[in-house]
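Let's walk through this one together, one question at a time. Keep the picture open while you read.

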Amino acid sequence: MPISQRTQVGIVGAGPAGLVLSHLLHLQGIDSVVIENRSREYSEQRVRAGVLEQGTVDLLTEMGGGERMKKEGLVHYGIELRFGGKGHRIDFQELTGGKGITIYAQHEVLKDLNNARSAAGGQTIFEAENVSVHNLNTSHPKIRYEKDGGAHEVICDFIAGCDGFHGICRPSIPPGVIVEYEREYPFGWLGILAQAPPSSEELIYTYHDRGFALLSMRSPQISRLYLQCAPDENIDDWSDERIWQELQIRLSSPGWALTEGAILQKGVTGMRSFVAEPMQYGRLFLAGDSAHIVPPTGAKGLNLAVADVRVLARALAHFYSTGSQSLLDEYSAKCLRRVWKVQRFSWWMTSMLHRFPDENPFDQRRQLAELDYVTSSRAAAKSLAENYVGLPLE
Ligand code: FAD
Ligand code: DHB
């Protein structure tokens with residue numbers, strides 16, 4: 001017999017979606033247990049996203065535990081779009097009425113959230129094996145897992161599937177319930193973390209004949225840089241010297257220099273757009289990457305995950321305070337409105353800035369015209385800025 005425990009909301013996955021949800025529920029007096037298959041150390045070191053929208057920063061701050069982010073996060077009020085070797089600034093502050101973004105690494109967000117959960121006596125079970133979800137269409141769904149050789153089950157009122165794109169929650173929904181919309185891109189990103197002071201105060205998104213490049217950062221000492229590459233690029237083919245050489249070519253601009261430094265970490269990320277509709281089956285609610293993926297151009301993945309769980313936490317709080325399922329019934333449709341707008345933006349930024357293997361000279365001219373338009377028309381720049389800093393939260 002498994003060791004059994006009871007909670008109100010069982011959460012699968014201790015990524016940004018799972019941990020923010022767990023803490024938001026706690027603040028509303030709702031009990032949850034988070035089940036995660038990796039170790040805490042692994043998730044607190046894994047290099048992923050770095051750009052937080054204003055709404056994400058505000059939510060993390062309101063939740064408490066945002067002090068380090070306020071201190072160490074870098075607030076930016078614009079980005080540069082670089083093409084034809086020339087830079088063009090998109091001024092977020094002026095175009096959005098004072099909004100900006102904060103550079104603060106995803107794994108630092110996770111450290112802060114794990115600390116906040118521990119301080120509040122929250123229960124996160126790391127290194128759970130063979131996690132599975134059951135009885136989704138009943139009022140008492142359950143999560144099963146194994147830990148240290150023992151079998152466990154968590155009986156819940158609701159389950160939140162916050163277990164990312166490769167998790168088990170979405171595939172546990174019976175066939176025919178969900179429609180999946182998907183697009184794969186014929187390229188990936190080669191990303192590095194380098195011990196080098198960022199060569200620009202703000203991010204630089206570059207369109208170049210040889211492919212896209214992005215200059216970002218993590219701190220005044222650490223740069224984060226990306227290069228468009230083949231989707232199946234072998235990282236072993238990229239010596240540190242070759243990476244810097246390619247970055248120097250793609251980012252070059254008269255009177256500007258890219259500072260190099262020791263490469264601390266490197267890896268290749270594939271790119272896809274994906275949406276599962278609806279984001280609910282019975283008492284299982286999908287949130288974050290388990291329900292949708294965006295290509296990274298525009299840095300929306302983490303922010304979208306946080307926006308989902310904000311809606312879910314409110315709907316669950318409404319259920320526990322009134323007994324009404326009405327907000328839970330609206331959860332999927334409400335999230336999907338934002339999800340599709342963010343899909344559109346991420347696809348648009350990706351299409352504008354990358355070289356496509358099957359493109360013809362017309363496509364390339366059109367991309368350059370798009371870049372010219374977005375950097376010379378206030379209306380177009382305003383649309384980019386509004387989406388980049390984050391569409392308003394409901
Ligand atoms: P995740 O962060 O994926 O969290 C899911 C959690 O569930 C993980 O901790 C996972 O270990 C756990 N899990 C999975 N399966 C199980 C299981 N069976 N049982 C229990 N737990 C399970 N976004 C950007 O905006 N900018 C970027 O630069 C960027 N870079 C990225 C680089 C990489 C390599 C990847 C993979 C993603 C990147 N993203 C980026 C996307 C962004 O990191 C995600 O959108 C964000 O992490 C989504 O949060 P989440 O909580 O929904 O999912
Ligand atoms: C970063 C990632 C992105 O996808 C992006 O558009 C901007 C910055 C980053 O990791 O810093």
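Q: Is arginine 48 buried, partly exposed or exposed?
A: Residues are sorted by relative accessible area: under 20% is buried, over 50% is exposed, and anything in between is partly exposed (1.4 Å probe, protein chains only). Arginine 48 has a relative accessible area of 36%. That value makes arginine 48 partly exposed.

Q: Before going on, what kind of model is this, and how are things numbered?
A: Residues are numbered from 1 along each chain as its sequence is written, while chains are lettered from A and ligands numbered from 1 in the order in which they are written. Side-chain values use heavy atoms, with hydrogens and water left out, and local features need pLDDT of at least 70, side-chain atom pairs count only at pLDDT 80 or more, and totals for chains, interfaces and linings use all residues, since this is a predicted model.

Q: Which residue meets arginine 48 in a salt bridge?
A: A salt bridge here is a side-chain nitrogen of Lys or Arg within 4 Å of a carboxyl oxygen of Asp or Glu. For arginine 48 the N to O distance is 3.9 Å, and the partner is aspartate 289.

Q: How many salt bridges does a search of the whole structure find?
A: The pair of arginine 48 and aspartate 289 is a salt bridge, and so is the pair of arginine 210 and glutamate 246. The search of the whole structure gives 23.

Q: How far apart are the closest N and O atoms of arginine 272 and glutamate 182?
A: Arginine 272 sits in strand S18 (residues 262-277) and glutamate 182 in strand S14, 90 residues apart. Arginine 272 is partly exposed at 24%, and glutamate 182 is partly exposed at 44%. They form a salt bridge, and its closest N and O atoms are separated by 2.4 Å.

Q: In the salt bridge of arginine 210 and glutamate 246, which residue counts as buried?
A: Their side chains meet at 2.8 Å, N to O. Arginine 210 lies in the loop between strand S15 (204-207) and strand S16 (213-217) and glutamate 246 in helix H7 (residues 240-251), so the pair ties together parts 36 residues apart in sequence. Arginine 210 is partly exposed at 46%. At 8% relative accessibility, the buried one is glutamate 246.

Q: Which residue's side chain has a polar contact of 3.4 Å with histidine 107?
A: A polar contact is a pair of N or O atoms within 3.5 Å; within protein, one must be able to donate a hydrogen and the other to accept it, and residues adjacent in sequence count only if both atoms are side-chain atoms. Histidine 107 lies in helix H6 (residues 106-119) and is buried, with a relative accessible area of 14%. The contact partner is glutamate 108.

Q: In what order do the strands of the open four-stranded sheet run?
A: Two strands pair if DSSP finds at least two bridges between them. The pairing is mixed, and the order is S1-S12-S11-S10.

Q: Which strands stand at the edges of that sheet?
A: Each edge strand has a single partner strand, so one side of each is left without a neighbour in the sheet. The two are strand S1 (3-6) and strand S10 (129-134).

Q: Which residue in S12 stands opposite tyrosine 145?
A: S11 and S12 form a hairpin with two residues between them, and aspartate 148 in the turn has a positive phi of about 50°. Elsewhere in the sheet, glutamine 5 stands opposite valine 154 in S12. Opposite tyrosine 145 stands histidine 152.

Q: Is asparagine 37 buried or exposed?
A: Asparagine 37 is found in the loop between strand S3 (32-35) and helix H2 (40-43). With 53% relative accessibility, asparagine 37 counts as exposed.
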